[in-house]
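Please look through the model shown below with the sequence beside it.

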Amino acid sequence: MPEPHVNLTRRQILGIGGAFGLLTTASLAGAATLARRPATTGAELRTAAALPPPYQVPLPLPAVARPVSTDGGTDRYEIVQRETSAEVLPGLRTPLWTYGGSFPGPTIEARRGRPVTVTHRNELPVPTVVHLHGGRTPADSDGYPTDLVLPAAWPQAPQTMPGMPGMDGAGGHAGGTGTGMADPRAVTSRLRRDYTFPNDQRPTLLWYHDHRMDFTAPALWRGLAGLHIVRDDAEDALGLPAGPHEIPLMITDRAFTADGALTYPSLDPALRDRPGVTEPHLAGVLGDVVLVNGAPWPVHETDAARHRLRLLNASNARHYELEARTEDGRRLDLVQIGADQGLLAAPVTHRSLPVAPAERYDLVVDFAAAPVGSLVRIVNRLGTGRTRDVMAFRIARPAPADDSRIPPRLATDLPDWRREDAVRTRDFAFRAGRTNGGHGWLIGGRPFDPARTDVTVPLGDTEIWRLIADVHHPVHLHLVGFRILTRGGRPPLPHDAGLKDTVSLRPGESAEIITRFDGYRGRYLFHCHNAEHEDMGMMANLEVV
């Protein structure tokens with residue numbers, strides 16, 4: 001996806017704070033030199049297989065997982081991580097790595113305050129780590145990248161982890177072309193691990209995915225992602241569209257070989273030893289096929305009623321700007337009722353909506369304005385050719401009755417953090433730079449090191465973080481949600497409303513966020529959720545004490 005060249009105004013520089021802004025302007029110029037493709041989010045892979053026309057394949061709905069036990073006030077699930085194949089493109093079989101044999105994996109339906117324990121069994125050929133993205137989770141279940149679940153035949157995890165790959169395509173281990181990294185705090189297990197999620201958080205759409213150090217991006221690409229929805233009684237009582245009119249939509253992009261296999265530019269296709277991707281894709285991997293819930297450009301047959309669309313951009317690097325268009329060219333309102341971390345205080349209406357990797361949006365779209373028998377297309381304004389299409393809804397019949405509503409007041413439990421509540425302000429630059437003798441992606445000028453503590457925060461402290469990017473970086477904080485205070489010294493944008501855990505920084509853009517570090521003590525992460533960027537060093541450690 002093309003991005004504009006980096007160009008900071010003086011107002012933007014001053015908007016993120018004096019000397020930090022001036023220093024980072026020089027850093028941006030250096031980043032443009034170091035990053036071989038600074039003006040784009042990677043290069044697009046091309047599919048060799050025959051592709052179906054848009055809006056022919058039915059939209060799959062992810063299966064809801066069934067607990068194996070509900071004793072003792074905890075819902076317990078078992079998920080086997082295993083290889084399988086599925087008919088993603090009509091008439092072809094695609095090998096996948098899956099949770100429970102499907103892509104997306106099974107959806108976990110949880111209630112606020114009721115714990116869930118998921119036992120993951122790893123029957124894949126490589127180690128894995130499970131992270132519940134957006135979860136308010138104790139550190140030992142958060143999915144730290146070196147807390148590996150080893151497959152049965154894998155040798156015991158060494159103290160030295162793989163080195164970060166460079167932007168010249170060089171990866172390595174200790175003794176190889178890179179620099180090995182020791183993590184004395186890593187906790188590995190053999191074959192299985194229990195992850196416990198208290199769900200003591202606002203109702204929202206979360207998602208779980210692999211988070212193995214250096215290999216998150218290709219594992220996501222192969223299918224290791226699923227949904228986790230938290231609900232509560234207050235949300236249930238609002239009268240929002242529900243049942244068949246509430247639809248989860250996991251949007252991804254992929255590319256395929258002629259026989260239907262996924263294509264991905266790994267330096268080590270086995271994902272065992274050498275991390276990294278080939279040079280054209282160092283800024284991120286893009287596919288030319290848009291999948292929704294694992295199906296290419298699908299269509300969903302429904303009635304002319306309000307629908308609640310639970311959107312997740314689970315793509316590695318692709319950004320979308322979504323619109324809902326009728327066949328006569330009218331744009332339907334996208335009424336945002338929720339963000340990454342739950343319901344907004346009041347609805348916000350959009351005509352188009354930008355969605356960065358890992359962001360979630362909770363929308364209501366009213367199909368009553370579309371004639372019966374017509375299509376409402378969801379399109380991507382940032383796409384070209386076939387990546388401009390996403391999916392469609394076929395309005396097959398009138399709604400028998402639609403008693404759903406969008407209340408003018410949605411939530412009253414949003415935190416009211418104020419700027420004066422912050423006990424400290426921190427500055428972070430997200431940019432390209434040198435790592436392990438090559439080039440990678442850095443936070444504050446340093447690549448990720450699991451043995452280094454980058455930020456220490458006392459439990460309960462409120463902080464402001466000032467972030468700046470050279471190119472597109474969707475920045476994600478583990479453990480906590482945050483509010484966006486400013487963008488480039490100006491008020492946040494309409495789609496920044498509510499409580500978030502991922503902020504999309506555009507090229508040359510700054511933002512201020514505010515959060516309170518409560519919940520749990522322990523080691524957590526913050527990182528770029530362009531998955532190739534995080535694999536190439538753009539992560540940092542956050543210690544809550």
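Asp 259 is located in the loop between strand E14 (246–254) and strand E15 (285–286); helices (H or I, at least four residues) and strands (E, at least two) are DSSP runs, numbered from the N terminus. The model is predicted, so local features need pLDDT of at least 70 and side-chain atom pairs count only at pLDDT 80 or more, while totals for chains, interfaces and linings use all residues. Residues are numbered from 1 along each chain as its sequence is written, and side-chain values use heavy atoms, with hydrogens and water left out.

With a relative accessible area of 53%, Asp 259 is exposed; buried means under 20% relative accessible area, exposed over 50%, and partly exposed in between (1.4 Å probe, protein chains only). Not counting residues up to four places away in sequence, Asp 259 touches Leu 92 and Arg 93, where contact means heavy atoms within 4.5 Å. Ala 50 is 209 residues from Asp 259 in sequence, and their C-alpha atoms are 9.1 Å apart in space. The side chain of Asp 259 also makes a polar contact with the side chain of Thr 257, at 2.5 Å. A polar atom of the Asp 259 side chain lies 3.3 Å from the backbone nitrogen of Ala 261. A polar contact is a pair of N or O atoms within 3.5 Å; within protein, one must be able to donate a hydrogen and the other to accept it, and residues adjacent in sequence count only if both atoms are side-chain atoms.

Other loops hold residues with particular backbone geometry. Phe 103 and Pro 104 are joined by a cis peptide bond, with omega about -5°. Pro 104 is in the loop between strand E3 (94–99) and strand E4 (105–111). Asp 214 is not a glycine, but its phi is positive, near 75°. Asp 214 is placed in the loop between strand E12 (204–210) and helix H3 (216–222), and it is buried, with a relative accessible area of 2%. Asn 293, also not a glycine, has a positive phi of about 55°. The loop that holds Asn 293 is between strand E16 (289–292) and strand E17 (295–296), and Asn 293 counts as buried at 2% relative accessibility.

Next come the strands. Strands of a sheet pair through backbone hydrogen bonds, either parallel or antiparallel. Here two strands pair if DSSP finds at least two bridges between them. Strand E35 (residues 510–516) is mostly covered, with six of its seven residues buried. Strand E31 (residues 462–469) pairs with E35 in the antiparallel sense over seven bridges, and Trp 465 stands opposite Ile 513 in E35. Strand E33 (residues 483–487) is also antiparallel to E35, through four bridges; Arg 487 has Ala 511 in E35 as its bridge partner.

E31 has a further pairing, with strand E28 (residues 424–435), in the parallel sense over seven bridges. Phe 430 has Ala 469 in E31 as its bridge partner. E28 in turn runs antiparallel to strand E29 (residues 438–443), joined to it by six bridges, and Thr 435 stands opposite Gly 438 in E29.

Five strands form an open sheet with mixed pairing, in the order E30-E37-E36-E32-E34. Strand E30 (455–457) and strand E34 (502–505) are its edge strands, each pairing on one side only. E30 runs parallel to strand E37 (residues 539–544), to which three bridges join it; Thr 456 has Glu 543 in E37 as its bridge partner.

Which residues touch the most other members of the largest nonpolar core? Among its 88 residues, they are Leu 249, Phe 393, Trp 465, Leu 467, Leu 477, Phe 526 and Leu 542. A nonpolar core is a set of buried Ala, Val, Leu, Ile, Met, Phe, Trp, Tyr and Cys residues joined through side-chain atoms within 4.5 Å. In soluble globular proteins, nonpolar side chains tend to be buried together.

For the whole protein, the secondary structure comes to five helices and 37 strands. Of its 545 residues, 62% count as buried. Among contacts with a separation of 6 or more, 79% are between residues 24 or more positions apart.
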